[in-house]
Amino acid sequence: MNIVVCVKQVPDTATERKLRSDDKTLDRDAADGVVNELDEYAVEEALKLKEAHGGEVTVLTMGPGKATETIRKALAMGADKAVHLSDDALHGSDALSTSYAMAQALKKIGFDLVVLGSESTDARTGVLAAMLAERLGVPQLSLAKKVEVNGSAIAIERLTDYGYDKVEASLPAVVSVVEKINEPRYPSFKGIMAAKKKPVETLGIADAEISADQVGLANAWSEVVDFAAAPPRAAGTIVKDEGDGGAKIAEFLASKKFV
Amino acid sequence: MSEVLVLVEHVDGDVKKVTLELLTLARSLGAPAAVWAGPGYSDAAKAKLAEYGAEKIYVADAEEITGYVVAPKAELLAKLVADKAPAGVLVAATAEGKEIAGRLAVKTDSGVITDAVGLGEGFVADQSIFGGGVNVRSRVAKGTPIVAVRPNSAAPVATAGAAAEEKVEVALSDAARAARIVERVKQEKGARPELTEAAVVVSGGRGVGSAESFALIEKLADSLDAAVGASRAATDAGWYPHQFQVGQTGKTVAPQLYIAAGISGAIQHRAGMQTSKTIVVINKDAEAPIFEIADYGVVGDLFQVVPQLTEEIEKRK
């Protein structure tokens, strides 16, 4: 099975994240770049499927040169090779252009299964799997908390508000995963060393047959009008429980007309 | 006046509150036109949509619309966008709502904005990003504006609408039938309000310590007619089901009142509840970061404080 796992480098949520004042895009220099957490679950699931069914796992990422760190992490976990979609023309791409560019790259790479995290911690749009499925014309198996492949049949459990849906489809397909699906492995020392020798192909937009007028900030379908730091919350009242903590909260709630 | 399509969220034939919020928001942007997708449409549903200002109701109540993952609803909306040329499309910013919006955006070559917490003239949307740290205003630059709006972003206001019905038939493409839903597994927890829509949410975290102890959280929630949430630590430990997880990789909630018990308040959790109007915290660690965003906090043992609070609330009823 030819599995492509899409990963994204995001700013570490533990550091202060900012937008750039000049073009209102994410300030990638302001924070440390890390692998989007849910994508580690996607890599793990891709590796597990390969272990069970054979085949190859290719990592695909789109992002500036710095994103190679993210590729190395996925390769160190055990992926076989990587494709880095990187081009200045892609800077500032929104969800629509990103999904277009990724779909073009996926068509070039070829796949039986695309696996990705269900959302990124930076933009948090949660739309990429749906958009990729739409663009590629393959089944959307998103928000999966369980994946089973049997020949060309694939079944998932899709997380819903009331529990989950059992969903069935045929390969090729796009799967997005939630974090209850597995426990991502840590790269071993051996894995980290091996990753350095694994092939990483860099694609520019021309290589992936991506039209320049469909990507980048100037061609985005949506735009930031303006932004500002959120005003800090006013300091609250903090009391130590002296045996009447519950009663005190009840008083507070009553003063706010909640009870 | 151009129509503004509002995709109706419904459960067991009942219109959900977020739809009434969306109809209220739609009114300032055009003529609200509700879109009913899937079975369950009734006179009661029609009356509810009319009460909250729907001028039109497009009814596509074929069974197969809900028989497949997301794509049929996107095809339905794309057909209406093509036929009716609406000023914009509003959906609820649930996980599925956002996916519908995403596919619709591709189909109609339109921009999409997700997780709006407010919406103004020209479909300019307010968003709160980076765990509540930055407020952004965004707009769609191309095509028909598609905006996924978070529940609790507006107060629903009743105003009568004409509610003219129009049946819509959609011939689903093969692609829309590619991911078939074969079974819906319900793991509901009693008759509590839904997490993202609830006016009050009571959440438990690592400090709750066990699945059994979540009964304390549930009792407090029930005294306030609240939904129950859980931190990732609690759902990872298996103490509470995953769909109740509040935080970065779970649900984002913005209730009037959020009570966090035994939750330290890592950024992962705060990203999912920071825009709550009033935040009350119970935690035995005075240094827990969650106290930084508390309107009222008690440093104490939740096993003492929570039952006492529940009792006090019951007394005041």
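The area buried between chain B and chain A is about 7100 Å² in this predicted model, and carbon and sulfur atoms give 56% of that area. Of the area that chain B buries against chain A, 11% is supplied by Phe130(B), Gln248(B) and Tyr296(B), more than by any other three residues. In terms of residues, 87 of chain B are in contact with 75 of chain A.

Polar and charged interactions were also examined across this interface. Between chain B and chain A, 47 residue pairs are in polar contact, counting pairs with both residues at pLDDT 80 or more. The side of chain B that touches chain A draws its largest share, nine residues, from helix H4 of chain B, which spans residues 95–108. By class, this side of chain B consists of 36 nonpolar, 27 polar and 24 charged residues. The rule for salt bridges finds 14 across the interface of the two chains. One salt bridge is formed by the side chains of Glu134(A) and Lys107(B), with an N to O distance of 3.0 Å.

Notes:
Residues are numbered from 1 along each chain as its sequence is written. Chains are lettered from A and ligands numbered from 1 in the order in which they are written. This is a predicted model: local features need pLDDT of at least 70, side-chain atom pairs count only at pLDDT 80 or more; totals for chains, interfaces and linings use all residues. Side-chain values use heavy atoms; hydrogens and water are left out. Contact means heavy atoms within 4.5 Å. Buried area is the accessible area (1.4 Å probe) that two parts lose on being put together, summed over both. A salt bridge is a side-chain nitrogen of Lys or Arg within 4 Å of a carboxyl oxygen of Asp or Glu. A polar contact is a pair of N or O atoms within 3.5 Å; within protein, one must be able to donate a hydrogen and the other to accept it, and residues adjacent in sequence count only if both atoms are side-chain atoms. Helices (H or I, at least four residues) and strands (E, at least two) are DSSP runs, numbered from the N terminus. Ala, Val, Leu, Ile, Met, Phe, Trp, Tyr, Cys and Pro count as nonpolar, Asp, Glu, Lys and Arg as charged, and the others, Gly among them, as polar.
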